[in-house]
Amino acid sequence: MEITNVTEYDAIAKAKLPKMVYDYYASGAEDQWTLQENRNAFARILFRPRILIDVNKIDMATTVLGFKISMPIMVAPTAFQKMAHPDGEYATARAASAAGTIMTLSSWATSSVEEVASTGPGIRFFQLYVYKNRKVVEQLVRRAEKAGFKAIALTVDTPRLGRRESDIKNRFTLPPNLTLKNFEGLDLGKMDEANDSGLASYVAGQIDRTLSWKDIQWLQTITNMPILVKGVLTGEDARIAIQAGAAGIIVSNHGARQLDYVPATISALEEVVKATQGRVPVFLDGGVRRGTDVFKALALGASGIFIGRPVVFALAAEGEAGVKKVLQMLRDEFELTMALSGCRSLSEITRNHIVTEWDTPRHLPRL
């Protein structure tokens, strides 16, 4: 079967992966309402394309925190990638680099920061969970910086793990041949089996529930890397994040895996963008499956988007080649959307190119 869009990798991954692994990647929290809404909300945003514009040349290049990338489509942090494919994060890092874009490595990667750095050149960010043992955090941040990582994506929506019922049913734990590579040697690399989700037990034991805004300032004392705050869904928190020194904001609901019945990220995006008043870039993470979704996010003020599950499913299906194909398909679709909307560069994508359900009805000019 010829793959023609990124969602087709989902079924292939489901057929290939053990049930526990597929369910871990695919599922959301509780009723999974937000999981569905992350997709459905995109479908309720419509285009207002402009016509008869010379779109022979289209430029999708942009800069993120000063780093030039080929397109505003980047790779989100997803844990345990070697569960999907033996090459795991190595394959994802090489594919992102080949596409000229940014890969974000998860704290809970099955390859270490040093191993990912060894795959060759590329712009890489490091996603951070803050552990109770701050010495461990300090060590990890310094290792990431030394390995050439360019920014920290600090996940702020996980003082406890969301209730993921498929993980409870499956008694999810990391397969015995894999470890959390960044924590090997610190007695934190293994995940014990539990009566419910092994990951939930691990998080309860290790992740710092006291994490607060002052810790963003603390992080700035131990690293020169800019800090992106990942997990913001409200304008209020966007403003506080800027005051705390965040270099950027990632609007994210953790792939709908934390609190169910929060809005889709695309629905929360504009409120966050307005609150920042252009002081820092805002990115969107969650639900992007088409180039049209990328365009809609940029029209609502995002500086770029991150994709998670499509990368993992493509990795499971075809390894590095699959991840490359996902990035290429989204790039091609996004370029086509720009052309058909009459936009030759990212700066030409405006709020007037879309209409949302929360817009006031437009009054048409009298003829």
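1. Let's start with threonine 92, which is found in helix α4 (residues 88-98); helices here are DSSP runs of H or I with at least four residues, strands are runs of E with at least two, and both are numbered from the N terminus. This is a predicted model, in which local features need pLDDT of at least 70 and side-chain atom pairs count only at pLDDT 80 or more, while totals for chains, interfaces and linings use all residues. Residues are numbered from 1 along each chain as its sequence is written, and side-chain values use heavy atoms, leaving out hydrogens and water.

2. Is threonine 92 buried or exposed? Threonine 92 is buried, with a relative accessible area of 0% (buried means under 20%, exposed over 50%, partly exposed in between, with a 1.4 Å probe and protein chains only). Its side chain joins that of glutamine 81 through a polar contact of 2.7 Å (a pair of N or O atoms within 3.5 Å, where within protein one must be able to donate a hydrogen and the other to accept it, and residues adjacent in sequence count only if both atoms are side-chain atoms). Leaving aside residues up to four places away in sequence, threonine 92 also touches others, including Val311, Leu315 and Val323 (contact means heavy atoms within 4.5 Å).

3. Helix α13 deserves a look. With 33 residues, α13 has end C-alpha atoms only 27 Å apart, short of the 48 Å that a straight helix would reach at 1.5 Å a residue (the expected span is 1.5 Å times one less than the number of residues). A kink of about 140° is centred on glutamate 318 in α13; the bend at a residue is the angle between axes fitted to the seven residues ending there and the seven starting there. Just after α13, glycine 342 has a positive phi of about 80°.

4. Now for the rings. The whole structure holds twelve aromatic pairs (Phe, Tyr and six-membered Trp rings with centres within 6.5 Å; planes under 30 degrees apart count as stacked, over 60 as edge-to-face and the rest as tilted). One of them, tyrosine 24 with phenylalanine 80, is tilted, at 5.3 Å centre to centre and 40° between the planes. Tyrosine 24 lies in helix α2 (residues 19-26) and phenylalanine 80 in the loop between β4 (73-75) and α4, so this pair ties together parts 56 residues apart in sequence.

5. Phenylalanine 80 is buried, with a relative accessible area of 0%. The rings of phenylalanine 80 and phenylalanine 172 have centres 6.0 Å apart and planes at 25°, so that pair is stacked.
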